[in-house]
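Reader: I would like to learn how to read salt bridges and pockets in a model. Please take me through them.

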Amino acid sequence: MRTFLIFLAAAIGTYAIRVSGIVLFGGPRRLPERVERSLRLVGPAALAAIVANSLLLDGGTWRAFGAWHLAALVTIGVALWKRSSGWTMAAGAVAFAALLLAGA
Amino acid sequence: MTSARRAPLGIAPRQWADAWAGLKAIAPLMPGSALFGLAFGALVNVAGIGPLVGNFASVSVVAGASQIAIIESLRTGAPAAIAVLTALVINARFALYSAALAPVFAAFPMRWKLGLAHLTTDQAAVVALQHQDAWPDPVRRRWFVVGGALPFVVVWCIGGAAGIALGPVIPEAWQIGFIVPLMFLAVMVPGLRGAPALTAVGVSTIVVLASHGLPYGLNVLAGAIAGIVVGSLVPDRSAHPGADDGIAHDAGAGE
């Protein structure tokens, strides 16, 4: 029940965010430049936070060096090279599977 | 009116065709959405969340990164308010899409605006923004937009349901949790450009690691906010301030 209510609150809040601009900026009004600049950084900042927390930490303590780190390096390398999410996902998954099989 | 009644679901052939065009525009991104949904569903199982609540999350929140963040918060025993706040900070980027889409949706009836808002994903927003000029007629445009948004969300929900159903049979040795950093690296890194975004990523990472002693996964929230604040102090030298949000939109970024 508690989990349901948490998702419900997140759903209502997220909908409010999604509908805000469509309703408020229906006319010629624009977002202030500074607000727009900050919002543009939400994606990179939030995603980097999740990556750092899930990759380098494990339940609040440092993750022991191994397959996760090595596969992530491959993932980042392919991402910078191909600049494509599809290629990045595929390469990272293959690298991780190979490292697990190799016992890393 | 009678001709409309003979059409499937009361939708005229012309409108089906326009929606189909929208679906074709977003189709290349749909495998990523299904895969990400699958990963979310598998994590629902790992966290011991029931299938009903897990599927409810997919349908109601429709934002994968925030849903996974909530699950991670729950696993660290965070208070409900912190779990919700973390999710909303991650989803603040939708305010940007919403403002950008306002002129695109301006001529739509209000009930369409309210409905399409719920279907706004990173990918659907980009499709609508990129194709708006090809659809000057507001009626045809709204059918194109719904075709380029709704199927993507449906695929996301089906992927989630499949992951929830299959989750219990995925062996622990596969370490399915790696999908979290993998997915977000795949969404973030390919589109990463410019000093402000790079600063945001660097500061966010350092703060998350430096504050890893904080309870309830608060280090994620602290890192995200620090990244946004410090990144926005860095001057942006790029000459094209378009709709670039630092997220890759080419493939696989299911939300």
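**Salt bridges and pockets**

Author: Start with one pair. A:D58 forms a salt bridge with A:R63, and their closest N and O atoms are 3.8 Å apart. A salt bridge here is a side-chain nitrogen of Lys or Arg within 4 Å of a carboxyl oxygen of Asp or Glu. This is a predicted model: local features need pLDDT of at least 70, side-chain atom pairs count only at pLDDT 80 or more, and totals for chains, interfaces and linings use all residues. Residues are numbered from 1 along each chain as its sequence is written, chains are lettered from A and ligands numbered from 1 in the order in which they are written, and side-chain values use heavy atoms, with hydrogens and water left out.

Reader: Are A:D58 and A:R63 buried or exposed?

Author: Buried means under 20% relative accessible area, exposed over 50%, partly exposed in between (1.4 Å probe, protein chains only). A:D58 is partly exposed at 43%. A:R63 is buried at 16%.

Reader: How many salt bridges does the structure hold over all chains?

Author: Five. One of them joins the side chains of B:R93 and B:D122, at 2.8 Å from N to O. The pair links distant parts of the chain, 29 residues apart: B:R93 is in helix α7 (residues 93-105) of chain B and B:D122 in helix α9 (residues 122-131) of chain B. Helices (H or I, at least four residues) and strands (E, at least two) are DSSP runs, numbered from the N terminus. B:R93 is buried, with a relative accessible area of 6%. B:D122 is buried too, at 0%.

Reader: How do I read the pockets?

Author: Rolling a probe the size of a water molecule over the atoms shows where empty space is left. On a 1 Å grid over the protein atoms alone, a pocket is an open set of points where a 1.4 Å probe fits, with protein on both sides within 12 Å along at least five of seven lines; lining residues have an atom within 4 Å of a point. The largest pocket holds about 700 Å³ of space. It has 30 lining residues, and A:D58, A:R63, B:E72, B:R75 and B:G177 are the closest to its centre. α3(B) gives the largest share of that lining, four residues.

Reader: Which residues lie nearest the centre of the second largest pocket?

Author: A:A93, B:W174, B:I176, B:I179 and B:L182, among 22 lining residues. This pocket holds about 490 Å³ of space. The largest share of its lining, seven residues, comes from α5(A).

Note on methods. Grid points are joined across faces, edges and corners, and a volume is the space filled by probe spheres set on the points.
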